[in-house]
Amino acid sequence: MSRHTADVVVIGAGILGAAAAHYLSRAGQRVVVFDRGAPNREGSGTTAGNLHIQAIHPSRPGQEVPADNGRFLPLQVAVSDMWESVELELEASVELRRHGGFMIAETPHEYAELRAKQAMEAAAGLPTELLDGDAARAALPLLSRTVVGATWCALDGYANPLKITPAYLASARRHGAQIHGYTPVTGIAATRSGWRVTAGGDTYDAPAVINVAGPWIAQVARLAGIRLRMTPVAIQMHVTPRMPETMRHLVQHIGEGMSVKQVTAGNVLIGGGWPALRLDLDGRSVASVRSAGGNLALAARVLPFLSGVRLLRVWAGPLAATPDELPVIGEVPGAPGFFVAGGTYAFTLAPLWGETLCRLVAGESPRVQVSDLGPDRLLIDTQSDELDLVANQERALEGAVRDSVQQGSTRRKEQA
Amino acid sequence: MSDRDVLIVGGGPAGLSAALSAAQGGLRVALVDEHTELGGQYFKRRHPAVVARHGDFRPAGTRLVTAVRQAGVDCLTGHLVWGVADDGATLLVAGPDGAPHALRARFTVLATGAHERVLPFPGWQLPGVVTAGLALHLATIDRVPVGRRVLLAGTGPFLLPVACALLEVGVRVVGVAEANHPYRLGRHAAASLRYPARLRELAGYLATLVRHRVPVWQDTYVLSASGPDRLRQVTLGGRHAGTVEADVLCVGHGFRPNVELARLLGCETRPDPVVGEPVPVADVVGRTSRPDVYVVGEAAGIAGVHAARARGQAAALDILARTGRAVPPARQRRVHARVRRLARFAALTEALFPPPLHLLDGIPDDTEVCRCEQVSAGEIRATAGLAHNGLNATKGFTRAGMGLCQGRECGTAVACLTRAANPHAPAEAFTARMPVRPVPVTALGVPPRHAAGADRGRPAGGGTPGGEVVR
Amino acid sequence: MSVHIHVDGRRVPVPEGISLAAALVGSGHWTFRRHAVSGRPRGPFCGMGVCFECELTVDGQPGVRACLAHVRDGMRVETCPPTDPDDPSGGDVLAAAPGAGTTEEGRGV
């Protein structure tokens, strides 16, 4: 065992960890990143890659608490500009496409929701346009007759999830950050001047720790004696083989879980947050055939050309959801220097969250106000019954952590 | 649907043998195969028009298929099993028209066969470079010569019958480049004396090649294939290095079991000792870690047609015994002994013809490894060498293995290149995912296009997408 | 006994009952399609429905694997997508798609 020091230890090499490492190392901080597996292999690498700039659809299929999509809007507005410059900043192509997107309605009720959403967006300074069904079809002839209206946002887009995280990591590495894959963190202890993180058999002393472990956020926090209430789920994606360019926009549904777009390579990605069969934090989550059928049928109803395509692959991945479906970002009260970030729409918000974490660590104020999104609201009161409610879930997850620790130590032995 | 006792996936020698024995023993059996005809690859059947011109091919296969149909087996040809549901109790099937079906039975027998392995080399994606299996099918099933001047290369005893079949349809076979050195006297040759029938077969092929003055170059392998828009020239390396003019190159480095369904069903697998790719753990009768799932034939490990038939029969007899039918123990013992004996022969073959994985170390960085997504060896090496990326991370970053073949053609090579670039990467195979082959979305219950509009009482709208759409 | 198929508009006599892949190869056609990435020619490879290299358009239906299909009298086969003579990409299928790039221009905000 050897001892190291760093300015910031980042736990999790998904998109948030990678973005944070990029901003921090560029600002001159000595950054060490740990991941229990390969970087970008979980939620960040299995997500759809949508850049959601118009207000989000508030509920995934099966989601119990609808998201307060108004709270997301200032974050989306702020991050939109950041995405525009991301390729320049990282000196890498991430297949960024800003071809705009439609959010469609199929019922008068949904159309009324679109109208209210558009007013909310206008008030937040986000330019969107409300179209009736014919205008929507004139703009995108692929839309079916069932569409009664749509909002159009020119800023919606796509970035390749398999490129953006590696690009952030490469930039961080160029600025001196160390990235350790297959190195689960096994201990986090408070010290007089910060935190001591144990990983790969070594210790790392740092004044700041950033926990961006996605679905493992609660488990990692617990290593530091912090009890957080997270509600990770697994959702799934569907992809067709490469097709000739057919559609350039992101198409979403205001009333049901659906997002469809064609990516740079030509494949059409069909998602919408449909639940996978099983969240498996130990291996690969298992996709649900029922969700696949539901998601594809909905997509084909809205975009009838999809009823004639082939399905190439279905995959499932974890989503680090919070109980209130809002993002979490900030310092844990009572644990100075221990920061957490996660929650849904982390992909869209990643540049903003990376920069925000960097500023919070430095004691500066972020570009948008996030004080209400801090982890305080997710802290579990260890005196209450709530602890019992989460105990089952945690037991299952502890097993996953234990196994990954064992795998890690086996691998280290092999390497030694 | 659950009134069936046995559901057999795959209508090749193993599946047909299992179906016949099970049905003759009184079980209600369904046999599902994605192809429009039963027979699989080995017993692939000629079209009646070709039979009328040239006679039947492998009549034993015709007899077996006829017997299976006569035994009352429900033969679902043109049906692709693409996934599993209900923890494996239900198999999801796409019908010939892309319609969704779900099949259940008390026992599932996976006889999903294998596909030919080809290790990439520069130019392997050129038209005119084909698998040995393709050339064989054209020569035997269609009676069409694949080319005029044909070179065979790779490794395995399979190259010899293919060369002979090509000679029979008038092809000029310029040579057989065998990457290994199996045809010599030695320990393995002595061991093979215990299998006189197989040895006679092999000697027959070699004699035919000698008669036609076809050289067999051992310790010789393809360095590259080249040509403008199709193959013109092959450069060989090894003992008989040089260039060979040919219009077709047939290449094969053995076979890979089709194990996706077994993996999706959660059957335990182990890495095969030579390549490290997962093969299902199964006993002599094909029982897997799942009590209701058997795996037989090449899907259980490459062993050839005789072993496939014996394994299919062994599985059927075991199911008959488990369901209370009287199975003479002597008959079971005989079949088990045959399975074991043929497994030993397969091990001998494997030892003589190991896939020359070391050749992958030498392929240049610009070699196209993933044919579907056009990912080069250099991209894979660079990605795998970075940030502790394993096989699946490398797939994610490079798209290698993400195309229509779902990694079947490049899987061995991507895994080997990843291991070479990053010795610390964990041992992995490409994650098994649904669908096991690309399927029309209608197979998941999406209404076909005309119905989609009709459901809503309005014509379906939309533009005119190209390509992928099945009209 | 011969039947006739139409390959990119040309009438080709082929033996009855053989696979479409055999018919094309036997009549000297080796380019079945062009790759979506590079536009380079591709021909049949595995011959057993695994590699999808031999996909082409039959009677208007794209994505037909020639190795699994049998010839039929009057069958219409399109190998490479039609190439626009002005298209510098030389028949890159992505550039030849109908409806591509028709909707986003002029959508102001």
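**Reading salt bridges, patches and strands**

Q: Which residue forms a salt bridge with B:Arg28, and how far apart are the closest N and O atoms?

A: The partner of B:Arg28 is B:Asp5, with the closest N and O atoms 3.0 Å apart. This pair links distant parts of the chain, 23 residues apart: B:Arg28 sits in the loop between α1 (13–24) and β2 (29–33) of chain B, and B:Asp5 in the segment before β1 (6–9) of chain B. The general idea is simple. Side chains of opposite charge can pair when their charged atoms come close. Here a salt bridge means a side-chain nitrogen of Lys or Arg within 4 Å of a carboxyl oxygen of Asp or Glu. Helices (H or I, at least four residues) and strands (E, at least two) are DSSP runs, numbered from the N terminus.

Q: How should I read the numbers and names?

A: Residues are numbered from 1 along each chain as its sequence is written, and chains are lettered from A and ligands numbered from 1 in the order in which they are written. This is a predicted model: local features need pLDDT of at least 70, side-chain atom pairs count only at pLDDT 80 or more, totals for chains, interfaces and linings use all residues, and side-chain values use heavy atoms, with hydrogens and water left out.

Q: Is B:Asp5 buried or exposed?

A: Buried means under 20% relative accessible area, exposed means over 50%, and partly exposed is in between (1.4 Å probe, protein chains only). B:Asp5 has 8% relative accessibility, so it counts as buried. B:Arg28, at 49%, is partly exposed.

Q: How many salt bridges are there over all chains?

A: The count is 41. One of them joins A:Lys163 and A:Glu95, with 3.2 Å between the closest N and O atoms. A:Lys163 lies in helix α7 (residues 161–174) of chain A and A:Glu95 in the loop between α4 (86–90) and β5 (101–105) of chain A, so the pair ties together parts 68 residues apart in sequence.

Q: Where do A:Asp134 and A:Arg137 lie?

A: Both are in helix α6 (residues 133–139) of chain A, 3 residues apart, about one turn of the helix. A:Asp134 is exposed at 52%, whereas A:Arg137 is buried at 12%.

Q: Which residues are linked in a network of salt bridges?

A: B:Glu368, B:Arg371, C:Arg33, C:Arg42 and C:Glu53 are.

Q: Which residues form a positive surface patch?

A: Patch residues have over 30% relative accessible area and no salt bridge; like charges are joined within 9 Å, and nonpolar side chains (Val, Leu, Ile, Met, Phe, Trp, Tyr) within 5 Å. Lys and Arg count as positive, Asp and Glu as negative; His and the chain ends are not counted. The members include B:Arg63, B:Arg194 and B:Arg309. Helix α10 (residues 329–352) of chain B gives the largest share, 4 residues. B:Arg63 lies in helix α3 (residues 59–70) of chain B and is exposed at 57%.

Q: How do I read the two faces of a strand?

A: In a regular strand the side chains alternate between the two faces of the sheet. Take strand β13 (residues 208–211) of chain A: A:Ala208 and A:Ile210 on one side and A:Val209 and A:Asn211 on the other are all buried.

Q: Which strand pairs with β13(A) over 4 bridges?

A: Two strands pair if DSSP finds at least two bridges between them. The partner is strand β2 (residues 8–11) of chain A, in the parallel sense. A:Val8 is bridged to A:Ala208. Strand β21 (residues 338–342) of chain A also runs parallel to β13(A), joined by 3 bridges.

Methods. Areas by Shrake-Rupley, 256 points an atom, 1.4 Å probe, with all protein chains shown as cover. Charge placed at Lys NZ, Arg CZ, Asp CG, Glu CD.
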